[in-house]
Amino acid sequence: MWLALSVLLCACDDDPFPRPKGYFRLDQPPQGYRPYAGSCPLQAEVPVYALMTRRAQDSTSRSDTACWVEMRFPMQHAEVYMTYRRIDGDLAELVQDAHAFKSKHEVKAARIRSERVVRDSARVFGNLFEVEGDVASPLVFYLTDSTTHFLYGSLYFDARPNADSLAPATERLRNDLRHFARTLSWR
């Protein structure tokens, strides 16, 4: 009888099967903003948990026409690379370059939504492009005053593109960058 009972208990085991890989947890820091006015001729409110650093100058660009800034988000493993350019009769070319970069994502993108930025009082105009899907950059933007200043930015994660896993962090950073665009002013 004990033999029959032990055989029955051993026979009830489930067949082993592989488990899916787990993804790291992204804790969201508390929401809040602080003023930022770096060496580029712009100022805005940035998230309190963002680290702002100026990248080294490119030797081919003049210091009075170009400036590079990184907005780093260590907790989300993300960065926004921003390039400031002084407009020198080349606004159409700069806008076209921004649209061309966004278009490179169309192959992998499930959808690209465009959000216009029009703030006449601060002379800030442009577009925020939300690129959905497993893409390298889920947000690309450009902001300008149409005469002197042009700012281009793109968001990147330090991880393989996986829209589902990165969705909470992506949405939070998109909202933070919308706030950045709403508070941007030129100096």
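Reader: Leaving aside its neighbours within four places in sequence, which residues is Leu-184 in contact with?

Author: Contact means heavy atoms within 4.5 Å. With those neighbours left out, Leu-184 is in contact with Leu-42, Gln-43, Ala-44, Arg-119, Ala-122, Val-124, Leu-143 and Leu-151. The model is predicted: local features need pLDDT of at least 70, side-chain atom pairs count only at pLDDT 80 or more, and totals for chains, interfaces and linings use all residues. Residues are numbered from 1 along each chain as its sequence is written, and side-chain values use heavy atoms, leaving out hydrogens and water.

Reader: What is the average pLDDT of the protein, and which element has the lowest mean?

Author: The predictor's confidence in each residue is its pLDDT, from 0 to 100. Here the average is 87, and 84% of the residues score at least 70. Elements are DSSP runs numbered from the N terminus: helices (H or I) have at least four residues and strands (E) at least two. Where pLDDT is low, predicted coordinates should not be read in detail.

Reader: In what order do the seven strands of the open sheet lie?

Author: Two strands pair if DSSP finds at least two bridges between them. The order is β3-β4-β5-β9-β8-β7-β6, and the pairing is antiparallel. β3 (51–54) and β6 are the edge strands, each pairing on one side only. From one strand to the next, the twist averages 15 degrees. Nine bridges join β6 and β7 in the antiparallel sense, and Arg-111 stands opposite Glu-132 in β7.

Reader: Which strands of the sheet does α2 touch?

Author: α2 packs on the sheet and touches β5, β6, β7, β8 and β9. For directions, axes are lines fitted to C-alpha atoms (for helices, over the stretch in contact), and angles between N-to-C directions run from 0 to 180 degrees. The direction of α2 makes about 15 degrees with that of β9.

Reader: What is the order of the open sheet of three strands?

Author: The order is β1-β2-β10, again with antiparallel pairing. Its edge strands are β1 (33–36) and β10, and each pairs on one side only. Four bridges join β1 to β2 (residues 42–47); the bridge partner of Tyr-33 in β2 is Pro-47. α3 lies across β1, β2 and β10, at about 150 degrees to β2.

Reader: How many residues does the largest nonpolar core have?

Author: A nonpolar core is a set of buried Ala, Val, Leu, Ile, Met, Phe, Trp, Tyr and Cys residues joined through side-chain atoms within 4.5 Å. The largest has 34 residues, and Leu-42, Met-71, Met-82, Phe-141, Leu-151, Phe-180 and Leu-184 have the most contacts inside it. β2, β4, β5, β7 (124–132), β8, β9 and α3 each give two or more residues to this core, and α3 gives the most, with six. A second, separate core of nine residues includes Ala-98, Tyr-142, Phe-150 and Tyr-152.

Reader: How many aromatic pairs are there?

Author: Rings of Phe, Tyr and Trp (its six-membered ring) pair if their centres lie within 6.5 Å; planes under 30 degrees apart count as stacked, over 60 as edge-to-face and the rest as tilted. The count is seven. In one of them, the rings of Tyr-84 and Trp-186 have centres 6.5 Å apart and planes at 45 degrees, so the pair is tilted. Tyr-84 lies in β5 (residues 78–86) and Trp-186 in β10 (residues 185–186), so the pair ties together parts 102 residues apart in sequence. Tyr-84 is buried at 2%, and Trp-186 is buried at 14%. Ring pairs also link Phe-129, Tyr-142 and Phe-150 into a cluster.

Reader: Where is His-77 found?

Author: His-77 is in the loop between β4 (66–73) and β5. Although not a glycine, His-77 has a positive phi of about 55 degrees, and it is partly exposed at 38% relative accessibility. Ser-146, in the loop between β8 (139–144) and β9 (149–157), also has a positive phi, near 75 degrees. Ser-146 is partly exposed at 36%.

Conventions. Buried < 20%, exposed > 50% of the residue type's maximum accessible area, 1.4 Å probe, protein only.
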